[in-house]
Structures are given as C-alpha cells and as structure tokens.
Amino acid sequence: MSIPRATYDPRRVFRFSLPRLELGPKAREVGTYLSGALFTLSFFLLFDAATLSAHARPPTDAPHDVVPVHVSFVDWVPAICSTLGFLVTAMLDKTHLAEALSGDRWGSDGAAWRARVVLFVGVALMAGGLAGSLTVLILKYIIPDYTGYIYYGGANVGTNSGIMLAAMVLWVSQSGSDEYEYQLTV
C-alpha cells in the first residue's frame, strides 16, 4: 500500500496526519483550569500519604513495635522530577514546534531544533518521575511485603501519573490557535 504522491509530504514523520483541534477560548480556559486541578489533586495525594506516614502508630496489640516504613525524601524525588518536567513543557513556546513542520528542513534558524530538545528533556523528566515512583513502590513497599503501607507508594505513583495527565491536558488545551492572534497582511 502506498500513499498517492499528491498527498505525500516528505517532511511528515508518519503516514497519517493527526486531526487538528480547534478549541475555542472557553474550552482553552476550561482545559487550563482542569490541568491546574489535576496538578493540585495529584500533589494532594502525596501530601496525604506524607501526613499519614508522619502520624503512623504501631498496632495496638504490639505497642512497642516500630512502624516499618515512612514516606521519606526518596518518595519525593520522582514527584520533583515530574514537576520539573511539567514546568519545562508548560513554558515551551509552541510556535517554534509549529514552525518546524511548516518551514523547510525542520526549521531554518535552529529554534525548532532547540524546542524539540527542550520538549524531549521535559517529557523525559516526567517519564523518569513516573518510572521512579513505580520503582519506589516496588522496591520499598511491595517486595518487603509492607501490605498495610502500600498506599504510600500508590499515592506516589498517582501523583506522578496526575502530573503527566495535567501536562497532557494543558498541552492540548494550549495548542489550539490563540484568540489574541492577529493575522496582518499588507
């Protein structure tokens, strides 16, 4: 199966084109607020787990035992990486990425190339945060069989998943045309 030459563009990476989303100003605003709410709720999970961990008590039948595991700095590192990745992707100027596909040979001035590198670093930080939280969950809570404390690791995974989902919602809601964008022709 081949694509007819009339629809083929050598600058395209994939054979199919993604649909262009044209969001209005209200949908853009709702997407931005939804992204902020997801970001806030995901951090609430981690704060809740840290608070429960700080106030954890041994069981009543063994009051002299110690609580085997607490939320420590290791649990916060994946969330810090995901947050940095979120900030990097949110602050990226998306017009440089759009220029790369509309211009010749992946952008002429190098700004598109730099924008791609920055986008890769941001997404890699978020993916590393999610992978780190899964690693912490498995190595710190599942393998030692701390079944009563798995919520701490699950909250960590939920935090990083929520940050990544918030970044996706923000990216989609901000990728449409801006309502304050004017086309001037002479």
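Helices (H or I, at least four residues) and strands (E, at least two) are DSSP runs that are numbered from the N terminus, and on this basis Ser42 has its place in helix α1, which covers residues 25-54. The structure is a predicted model, in which local features need pLDDT of at least 70 and side-chain atom pairs count only at pLDDT 80 or more, whereas totals for chains, interfaces and linings use all residues. Residues are numbered from 1 along each chain as its sequence is written, and side-chain values use heavy atoms, with hydrogens and water left out.

The protein chain has five helices and zero strands, and from the N terminus on its elements run α-α-α-α-α. Of its 186 residues, 28% count as buried, where buried means under 20% relative accessible area, exposed means over 50%, and partly exposed lies in between (1.4 Å probe, protein chains only). The accessible surface of the protein chain comes to about 12,600 Å², and 68% of that surface belongs to carbon and sulfur atoms; such areas come from the Shrake-Rupley method with a 1.4 Å probe, and for residues only the protein chains shown count as cover. Among the contacts in the protein chain with a separation of 6 or more, 78% are accounted for by residues 24 or more positions apart, a contact being heavy atoms within 4.5 Å.

Two packed helices are described by the angle between their axes and the distance between the axes. Here the axes are lines fitted to C-alpha atoms, for helices over the stretch in contact, and the angles run from 0 to 180 degrees between N-to-C directions. Helix α2 (residues 73-91) packs with helix α4 (residues 111-142) at an angle of about 165°, and their axes are 7 Å apart. That angle makes α2 roughly antiparallel to α4, since angles over 145 degrees count as roughly antiparallel, under 35 as roughly parallel, 65 to 115 as roughly perpendicular and the rest as oblique. The residues of this contact of α2 with α4 divide into 14 nonpolar, seven polar and two charged; Ala, Val, Leu, Ile, Met, Phe, Trp, Tyr, Cys and Pro count as nonpolar, Asp, Glu, Lys and Arg as charged, and the others, Gly among them, as polar.

Helix α2 also packs with α5, at an angle of about 5° and with the axes 9 Å apart, and these two helices are therefore roughly parallel to each other. Residues making this contact include Ser82, Thr83 and Phe86 of α2, together with Asn160, Ile163 and Ala166 of α5. By class, the contact of α2 with α5 has nine nonpolar, six polar and one charged residues.

Ser82, in helix α2, is buried, with a relative accessible area of 0%, and, leaving aside neighbours within four places in sequence, Ser82 is in contact with Leu125, Met126, Gly129, Leu130, Asn160 and Ile163. Met164, in helix α5, is buried as well, with a relative accessible area of 19%, and beyond its neighbours within four places in sequence Met164 is in contact with Met126, Ala127 and Leu130. Returning to Ser42, this residue counts as buried at 3% relative accessibility, and its contacts, with neighbours within four places in sequence again left aside, are Gly158, Thr159, Gly162 and Ile163.

Asp145 lies in the loop between α4 and α5 (150-174), and Asp145 is exposed, with a relative accessible area of 52%. Most residues other than glycine have a negative phi, whereas phi of Asp145 is near 65°, a positive value.
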